[in-house]
Amino acid sequence: MKYVTEFRNSETAQALIARIKQTSHKPARFMEFCGGHTVAIFRYGIRQVLPAHIGMLSGPGCPVCVTATPDIDKTIAIARMPDVIVTTFGDMLKVPGSRASLQKARATGADIRTVYSTLDALKIAMENPGRSIVFLGIGFETTAPGVAASVLQAEEQKIGNYFILSQHKVCPPAIRAILDSGEVKLSGLICPGHVSAITGSEAWEFIARDYGIPCVVSGFEPLDILQCVSMLIDQVEMGKAKVEIAYRRGVTREGNWHAVELMDKVFEPAPANWRGIGVIPASGLRLRDKYRRFDAEARFDIKPEQSIEPKGCLCGEVLRGVKTPPECALFRRVCTPESPVGPCMVSSEGSCSAYYLYGEETN
Ligand code: SF4
């Protein structure tokens, strides 16, 4: 198959659904880690076509959603410093911090600019030599290599006013934390497609080996996801636990070594604070000593006030797969995409947003 429409072919989808119904006998519960999968599963109505004994849970794989409130507060504190311009991808703007979002901080005078890539941020740095340009580094293994490349470019071009506020996260330690917590019992994991394109499917082998949980890497089209679920069901029925790929056009076992090398050259593992999970060792990325002069945290003396979590918001539980959005008393009543209370409603990849837009459940 070459074109995206081929991955949405209705006859092939019907055949896969029929196969799933025919082969699936044991109750099972699968978690999709990635927010992109959450949206695709809802948009294409995948949950509704699966047998009733197959449960689906959403995990913490939305980078905007897992950014912790203190990290947003820290970003706003930097943006309010004199002669600073904070550059960020647009999806972070509306995420609530303790007292404001980046959007609100901008409305009250902070210079916060939306960019589409680190190249835009570097351009702003070159055009504003008298100011400090901070790029807010959000995202998983998919975005970190590009940010690493921008640091190398800044070094090569001697751009001394470009800084990274690294809030990057890497996925395997978060999955391990969720499994170790024992809060959710999973029969299989739908592994993230884009992250796996960088890390390779081997990044998930510890899940099959250490936890006995089947893993299949999926793409984002309906046939990818149905194929992935079918492969997970086969493993469950046969009592196997291994890592397979249902997204061969994007993922290999080894991944993209060039991107991984780039990331490793500039960043090193560091503890990171995940919303709803807390600080997980080695689940974040900080600039290595050699590149510390580009580190916004080293450049600025940041003392944000004590953080406050949004009252009544269950994003933490939703991100751990412990609760679903309709179990939050604020869902639809108070919290909507137009007036979001928590990040899971802000982000286009958030579970609450997906339930709101495509879910049949209401409370
Ligand atoms: Fe938070 Fe809103 Fe989701 Fe409730 S519905 S968990 S308040 S984002």
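This is a predicted model: local features need pLDDT of at least 70, side-chain atom pairs count only at pLDDT 80 or more; totals for chains, interfaces and linings use all residues.
**Exercise 1. Work out how H7 and H12 pack, and which residues do the touching.**

Two packed helices are described by the angle between their axes and the distance between the axes.

- Step 1: the axes of helix H7 (residues 144–156) and helix H12 (residues 257–266) come within 8 Å, crossing at roughly 55°.
- Step 2: angles under 35 degrees would be roughly parallel and 65 to 115 roughly perpendicular. H7 and H12 are therefore oblique to each other.
- Step 3: for the handedness, H7 goes past H12 in a left-handed crossing.
- Step 4: H7 brings Ala144, Pro145, Ala148, Ala149, Val151 and Leu152 to the contact, while H12 brings Ala259, Leu262, Met263, Lys265 and Val266.
- Step 5: sort those contact residues by type and you get 10 nonpolar, no polar and 1 charged.

**Exercise 2. Find the strand order of the open sheet with 4 strands, and say which strands stand at its edges.**

- Step 1: the order reads S4-S3-S5-S6, with parallel pairing.
- Step 2: strand S4 (112–114) and strand S6 (162–168) each have a single partner strand, so they stand at the edges and one side of each has no neighbour in the sheet.
- Step 3: going from one strand to the next, the twist averages 25°.
- Step 4: look inside the sheet, where strand S3 (residues 84–88) and strand S5 (residues 132–139) run parallel and are joined by 4 bridges. Ile85 sits opposite Ile133 in S5.
- Step 5: H6 (residues 118–127) lies across S3, S4, S5 and S6, and it runs at about 170° to S5.

**Exercise 3. Thr87 lies in strand S3. Is Thr87 buried or exposed, and what does Thr87 touch?**

- Step 1: the relative accessible area of Thr87 is 0%, so Thr87 is buried.
- Step 2: skip residues up to four places away in sequence, and Thr87 touches Arg113, Val115, Ala121, Ile124, Ile133, Val134, Phe135 and Leu136.

**Exercise 4. Trace the pairing around S8 and say where its side chains point.**

- Step 1: strand S7 (residues 188–191) runs parallel to S8, and 3 bridges join the two. Cys191 stands opposite Val217 in S8.
- Step 2: S8 also pairs with strand S9 (residues 243–246), again in the parallel sense, over 4 bridges. Here Ser218 has Ala246 of S9 as its bridge partner.
- Step 3: in a regular strand the side chains alternate between the two faces of the sheet.
- Step 4: check that against strand S8 (residues 215–218): Cys215 and Val217 point one way, Val216 and Ser218 the other, and all are buried.

**Exercise 5. Glu268 is in strand S10 (residues 267–274). Decide whether Glu268 is buried or exposed, then list its contacts.**

- Step 1: the cut-off for buried is under 20% relative accessible area. Glu268 has 17% relative accessibility, so Glu268 counts as buried.
- Step 2: leaving out neighbours within four places in sequence, Glu268 is in contact with Gly284, Leu285, Arg286, Leu287, Arg288 and Arg292.

**Exercise 6. Which residues of helix H8 (residues 171–181) are buried, and what follows H8?**

- Step 1: the buried residues of H8 are Cys171, Pro172, Pro173, Ala174, Ile175, Ile178 and Leu179.
- Step 2: after H8 comes Gly182, with a positive phi near 70°.

Technical notes: Residues are numbered from 1 along each chain as its sequence is written. Side-chain values use heavy atoms; hydrogens and water are left out. Axes are lines fitted to C-alpha atoms, for helices over the stretch in contact, and angles run from 0 to 180 degrees between N-to-C directions. Angles under 35 degrees count as roughly parallel, over 145 as roughly antiparallel, 65 to 115 as roughly perpendicular and the rest as oblique. A crossing is left-handed if the near helix is turned anticlockwise from the far one by less than a right angle, and right-handed if clockwise. Contact means heavy atoms within 4.5 Å. Ala, Val, Leu, Ile, Met, Phe, Trp, Tyr, Cys and Pro count as nonpolar, Asp, Glu, Lys and Arg as charged, and the others, Gly among them, as polar. Two strands pair if DSSP finds at least two bridges between them. Buried means under 20% relative accessible area, exposed over 50%, partly exposed in between (1.4 Å probe, protein chains only).
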